[in-house]
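Please keep the sequence and the structure in view while reading.

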Amino acid sequence: MRKSPEISSSRLRTESDDRAGAIGSIYDANPATWREVAKTAWDSFRQNPNYHITQKGQVGANGHVYDVEGAAEATATSPLARKLKGRHLQMIAIGGSIGTGLFVGSGRALQQGGPASLLIAFSLIGGMLFCTVQALGEMAVLLPVAGSFSAYSTRFLDPAWGFAMGWNYAIQWLIVLPLEIVAAAITIKYWDSPISPAAWVAVFLVMIIGINLVGVKGYGEAEFVFSIIKVIAVIGFIILGIILNVGGGQNGDYVGGRYWANPGAFNNGFKGLCSVFVIAAFAFAGTELVGLAAAETANPRKSLPTAVKQVFWRICLFYIVSLTLVGLLVPYSDPRLIGQSTSDAKASPFVIAIKNAGITGLDSVMNVVIMISVLSVGNSAVYGSSRTLAALAEQGQAPSWLAYIDRKGRPLKAIGVASAFGFLAFLAATDKDDDAFVWMQALSGLSSIFTWGSICLAHIRFRRAWRLQGRSLDELAFRSQAGVIGSWIGFLFNVLVICAQFWIGFSPVQP
């Protein structure tokens with residue numbers, strides 16, 4: 001039997017001294033060591049050598065051919081980092097996109113349609129969105145690929161549809177970033193701050209871009225914290241709103257349904273109701289991010305079904321209940337609502353409800369929550385647009401340089417493009433900030449409607465393909481509770497909403 005070689009004590013001392021010297025050199029801040037650290041940090045931004053994009057020979061080699069299988073493989077093997085955990089995904093589903101659409105945009109909806117139109121439109125859009133997210137969840141659990149629904153449109157509908165769908169969704173989020181920051185600048189005016197809105201725009205932009213440069217884990221952690229704050233704020237407002245409505249405010253005045261009688265439940269009739277749909281679509285935009293995040297989730301088959309099921313409670317509690325209370329506590333004729341032709345039209349209806357109750361200080365707290373929600377949704381905007389652009393590039397539907405993904409799994413060039421659009425937020429420093437908010441809100445809301453309709457149609461085609469392959473629905477890891485019928489309802493309702501928006505576009509509501 002061979003003996004193991006003996007190691008002298010002097011050799012052990014020498015190796016120990018070498019290790020101690022190596023550790024000591026770091027703490028001594030050796031310039032050579034710092035150069036190595038800087039080089040490692042710089043190398044992390046270099047392109048991932050294992051990234052995949054659709055090769056030139058596969059896409060349009062003869063000018064007419066599109067390799068769908070190659071595009072599907074490219075999205076499935078994307079080197080995006082899978083670092084999102086279940087808790088991140090659940091908070092993204094519950095409160096990830098609660099932002100100025102709910103807190104600020106709802107004021108314009110209330111002003112244009114009245115409290116009844118506000119409640120009806122948000123309930124209908126919420127019901128449609130429940131069917132849409134269920135359909136998306138079914139496909140995303142089975143196929144957690146980069147690009148999610150734009151990739152599904154390419155695969156199950158048509159590459160041309162996938163191209164249009166992907167760019168539509170990317171543009172939606174590219175517009176949301178400056179929109180959220182403009183809304184924040186409008187909200188800050190509530191305090192009559194002497195600081196220029198441009199300064200606040202710069203602060204928000206730097207923070208949002210910085211969070212996204214940390215990587216997907218930084219996005220997940222930021223959304224987790226932001227969503228908790230927003231959820232607590234909305235629940236707190238619901239409790240406070242109920243107390244104020246029944247006469248528990250400082251003046252002890254019972255409100256009840258007073259404002260539904262005077263000035264009334266509806267404003268501008270049926271046209272007012274139709275005008276609220278696009279605002280509701282903007283407020284709900286981002287719910288589908290759960291599907292997009294599947295490509296960067298550690299265990300999508302386990303985490304996604306739970307996150308998708310949370311959407312129902314989010315729609316019911318955070319939107320329907322809170323907006324019912326807003327409609328009870330704030331009349332649609334209030335001059336401070338956005339959309340009114342007065343110089344005071346700069347406040348959230350949530351803030352107005354608190355202010356009307358005579359509670360000092362709490363209105364400023366609610367404004368701070370709105371600021372946090374801007375950071376949250378702006379964060380989601382850069383995330384959603386950059387991932388969609390990178391996925392389009394991987395499918396050969398966008399310039400290939402957008403598919404650049406560094407060694408930390410960050411689509412850096414796509415993040416750069418998304419961040420550049422944020423500079424549109426400096427429109428907040430002009431006297432047309434309200435107009436900029438309305439236009440960007442309409443663009444984002446209409447883009448959401450096209451997105452949701454495409455998801456429903458892709459799910460209908462997916463189910464048909466699944467059946468033609470002789471597969472059973474029992475084989476699916478997660479099955480949509482609404483089924484194909486829910487997808488048909490969602491698709492047809494989206495078509496009706498688009499038709500209604502065309503009508504409003506030709507014959508807008510007069511202020």
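**Helix α12**

Helix α12 covers residues 269-284, and at 1.5 Å a residue its 16 residues should span 22 Å; the end C-alpha atoms are 23 Å apart, which agrees. The model is a predicted one.

- Of the 16 residues of α12, 13 are buried, so the helix is largely enclosed by the rest of the structure.
- After α12 comes G286, which has a positive phi, near 110°.

**Aromatic pairs**

- The structure holds 13 aromatic pairs.
- One of them joins F237 and F350; this pair is tilted, with 4.6 Å from centre to centre and 55° between the planes.
- F237 belongs to helix α10 (residues 216-245) and F350 to helix α15 (residues 349-356), so their pair ties together parts that are 113 residues apart in sequence.
- F237 is buried because its relative accessible area, 4%, falls under the 20% cut-off.
- F350 also counts as buried, at 0% relative accessibility.
- Y152, F156, F462 and W466 are linked into a cluster by ring pairs.

**Charges over rings**

- W466, a member of that cluster, has R471 over its face, at 4.7 Å from the ring centre.
- The charged end of R258 sits over the ring of Y259, and the distance to the ring centre is 5.9 Å.

Note on methods
Residues are numbered from 1 along each chain as its sequence is written. This is a predicted model: local features need pLDDT of at least 70, side-chain atom pairs count only at pLDDT 80 or more; totals for chains, interfaces and linings use all residues. Side-chain values use heavy atoms; hydrogens and water are left out. Helices (H or I, at least four residues) and strands (E, at least two) are DSSP runs, numbered from the N terminus. The expected span of a helix is 1.5 Å times one less than its number of residues. Buried means under 20% relative accessible area, exposed over 50%, partly exposed in between (1.4 Å probe, protein chains only). Rings of Phe, Tyr and Trp (its six-membered ring) pair if their centres lie within 6.5 Å; planes under 30 degrees apart count as stacked, over 60 as edge-to-face and the rest as tilted. A charge sits over a ring if NZ of Lys or CZ of Arg is within 6 Å of the ring centre and within 35 degrees of the ring normal.
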